[in-house]
Amino acid sequence: MRSATTIYAGALVLLTILIGTGSAQAWDRQVKQGESLARTNCARCHAVGRVGTSPLPATPPFRELHKRYPVEDLGEALTEGIRTGHPSMPEFRFDPDQAQDLIAYMKSLER
């Protein structure tokens, strides 16, 4: 017969695995949605993938943005409208969920 402690410990491990799996799936979904946003809105000027050069030479590849500033701090700028960047950069405004998706995608490129 198993003790209550053993059963509790097993249940806790299972719960941790399930939560972790759900979190990983949510993260993957955010990254995929962010990649789609990047390809739709940013790829005409920036290299948005793990390799390649930016179509507009003055623009940094997304995979290098984290070297310039913490991309997790871009949420406000993405929702209020980015007005800086390269000289020909259009103003973009994303809803908060889209901004978080785009940030998740940029974070995924740091690895």
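A search of the whole structure, which is a predicted model, finds 3 salt bridges.

**Exercise 1.** Determine where Arg39 and Glu35 lie, and characterise their salt bridge.

*Solution.* 
Step 1. Both Arg39 and Glu35 belong to helix H1, 4 residues apart, which is about one turn of the helix.
Step 2. Their side chains meet in a salt bridge, with an N to O distance of 3.0 Å.

**Exercise 2.** Identify the network to which Lys107 belongs.

*Solution.* 
Step 1. Glu72 forms a salt bridge with Lys107, the closest N and O atoms being 3.0 Å apart. Because Glu72 lies in the loop between H2 and helix H3 (75–80) and Lys107 in helix H4 (residues 96–108), this pair ties together parts that are 35 residues apart in sequence.
Step 2. Lys107 also meets the side chain of Glu110 in a salt bridge (3.3 Å, N to O).
Step 3. Through shared partners, the salt bridges join Glu72, Lys107 and Glu110 into one network.

**Exercise 3.** Decide whether Ser54 is buried or exposed, and describe its surroundings.

*Solution.* 
Step 1. Ser54 is located in the loop between helix H1 (4–41) and helix H2 (65–68).
Step 2. Buried means under 20% relative accessible area; Ser54, at 11%, therefore counts as buried.
Step 3. Leaving aside neighbours within four places in sequence, Ser54 contacts Cys45, His46, Ala47, Thr59, Pro60 and Pro61.
Step 4. A polar atom of the Ser54 side chain lies 2.9 Å from the backbone oxygen of Thr59.

Technical notes:
Residues numbered from 1 in each chain as written. Predicted model: local features only at pLDDT ≥ 70, side-chain atom pairs only at ≥ 80, totals over all residues. Heavy atoms only, no water. Helix = DSSP H or I, 4+ residues; strand = E, 2+ residues; numbered from the N terminus. Buried < 20%, exposed > 50% of the residue type's maximum accessible area, 1.4 Å probe, protein only. Polar contact = N/O pair within 3.5 Å; in protein donor to acceptor, adjacent residues only side chain to side chain. Contact = heavy atoms within 4.5 Å. Salt bridge = Lys/Arg side-chain N within 4 Å of Asp/Glu carboxyl O.
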